[in-house]
Amino acid sequence: MSIVISGTGLYTPPHKISNDELVGAFNQYVTEFNQQNAQAIEAGELEALKPSSSEFITKASGIENRYVMTKEGILDTKKMMPLTPQRNNDEVSIQAEMAIGAAKQALEAANKKPEDIDLIIVACSYTQRAYPAIAIEVQQQLGCGGWAFDMLVACSSATFGIMNASNALEGGTAKSVLVISPEIASPQINYRDRDSHFIFGDVATAVVVEKEETATSEHAFRILAKKPMTSFSNNIRSNFGHLARHTPEEAFEGDKLFVQQGRKVFKEVLPMVSKLIDEQMSLAGIEKNDLKRLFLHQANINMNTFIAKKVLGRDPIGNDAPIILNEFANTASAGSIIAFHRFHDDMVKGDKGIICSFGAGYSAGCLIIEHI
Ligand SMILES: CC(C)(COP(=O)(O)OP(=O)(O)OC[C@H]1O[C@@H](n2cnc3c(N)ncnc32)[C@H](O)[C@@H]1OP(=O)(O)O)[C@@H](O)C(=O)NCCC(=O)NCCS
């Protein structure tokens, strides 16, 4: 049975923050902190905080901008977190709102109506609550039938979600699936941490996955191969969870937010991902020259260039391995799907590509696709 990705959607949040704006607020915080603690710093009891720089961020990561659902609070040195108003239970939740925005576009692109969908998978790094599932709220709001569930695999959520969708279609538990990744990543950022204050942005992506025999869209991509993998690592962690209230004095400590050993991640994830892609290409009988495009996870431009070079055996040129993280920053599992959404319109029958995610867990997901 052939399974295809037949439509994509992208919801872009309403607010933008440039590197300069973010660094301006961070450096103001650093000045205030160092002034307030001048005596302790002078006495050698406390280390002075160092300023951040836009040049460093762009050079080290490729990020120039990010979108956020709530800008208020992020640039305020007394708050340094998004102050998202709580919504009542009878209002649509913020994450469902993002998901619905992306899902409607994906449905349109796939020539599908909500009633055609009988499985919704919300696959992302964080859900704003444990239950009821965001996916079930989206199912109700869109008017879809069938069933729905949430799943979390950090940056590989979207690719693992597509693989789960494909398995459900093959197993006969669904006929048409929406996989939605509403990544509301800004609340997990420690905006007072120089190493990571610039990394994430918010966004939502959606894809329709269905059997080839039911697909009618202009751009449908057959899944030729799919492979998920995981390998435990403490190098990227976020410890926030419902058990945090058991130690209320530590409930908002830095380890409850996103923390990573960026260099180690770089060194360990690159060979892991290169091997995964290599193996999948061999299994599928795909040569490097057969590949039209690499839709890679968007965490770091230097990582993407490294992987693209390894896979293609040469420097990537033009749109070989499109980068969107300059505009969106790291959007967790949505990154490779944004690249796919933005850069597949010029692909034609027979063109092959790879969608590959990688990140916390560690986790990595590789999909080899072909335009039908
Ligand atoms: C986070 C990341 C961009 C940092 O880039 P890096 O090149 O590794 O930078 P380092 O942390 O080694 O720091 C290099 C120098 O810049 C400095 N620096 C760190 N943050 C800075 C900032 N915001 N502004 C200015 N300088 C900064 C460091 O202090 C260090 O200075 P030193 O050499 O004097 O000690 C990069 O490691 C990365 O993207 N890693 C992979 C992340 C990833 O894929 N994660 C998956 C998550 S989904």
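Reply: Let's start from Ile277. Leaving aside residues up to four places away in sequence, Ile277 touches Leu296, Ile307, Val311, Ile354, Cys356 and Cys366. Keep in mind that this is a predicted model.

Those contacts sit in a bigger picture. Ile277, Leu294 and Ile354 are the residues with the most contacts inside the largest nonpolar core, which has 48 residues. The elements that each give two or more residues to this core are α1 (19–36), α7, β11, α8 (301–312), β12 and β13. The top contributor is α7, with eight residues. There's also a second, separate core of 35 residues, and Val177, Phe221, Ile337 and Ile355 are among its members. As a general background, nonpolar side chains in soluble globular proteins tend to be buried together.

Now the strands. Leu296 stands opposite Cys356 in β12, and Cys356 in turn has Cys366 of β13 as a bridge partner. As for β11 itself, five of its six residues are buried, so the strand is mostly covered.

Zoom out and you get an open sheet of nine strands with mixed pairing, in the order β5-β4-β6-β7-β1-β8-β13-β12-β11. β5 (147–152) and β11 are at the edges with a single partner strand each, so one side of each has no neighbour in the sheet. From one strand to the next, the twist averages 25 degrees.

Two helices go with this sheet. Helix α6 (residues 157–171) packs on it, touching strands that include β1 (3–11), β8 (221–230), β12 and β13, and its direction makes about 120 degrees with that of β8. Helix α7 (residues 262–284) lies across β8, β11, β12 and β13, running at about 35 degrees to β13.

One last thing, on the aromatics: the model has eight aromatic pairs. In one of them, Phe200 and Phe258 have ring centres 4.7 Å apart and planes at 80 degrees, so the pair is edge-to-face. Phe200 is in the loop between β6 (176–183) and β7 (203–211), and Phe258 is in the loop between β9 (236–237) and β10 (259–260), so the pair ties together parts 58 residues apart in sequence. Both Phe200 and Phe258 are buried. Elsewhere on the aromatic list, ring pairs link Phe26, Tyr29 and Phe33 into a cluster.

Terms used: Residues are numbered from 1 along each chain as its sequence is written. This is a predicted model: local features need pLDDT of at least 70, side-chain atom pairs count only at pLDDT 80 or more; totals for chains, interfaces and linings use all residues. Side-chain values use heavy atoms; hydrogens and water are left out. Rings of Phe, Tyr and Trp (its six-membered ring) pair if their centres lie within 6.5 Å; planes under 30 degrees apart count as stacked, over 60 as edge-to-face and the rest as tilted. Helices (H or I, at least four residues) and strands (E, at least two) are DSSP runs, numbered from the N terminus. Buried means under 20% relative accessible area, exposed over 50%, partly exposed in between (1.4 Å probe, protein chains only). Two strands pair if DSSP finds at least two bridges between them. Axes are lines fitted to C-alpha atoms, for helices over the stretch in contact, and angles run from 0 to 180 degrees between N-to-C directions. Contact means heavy atoms within 4.5 Å. A nonpolar core is a set of buried Ala, Val, Leu, Ile, Met, Phe, Trp, Tyr and Cys residues joined through side-chain atoms within 4.5 Å.
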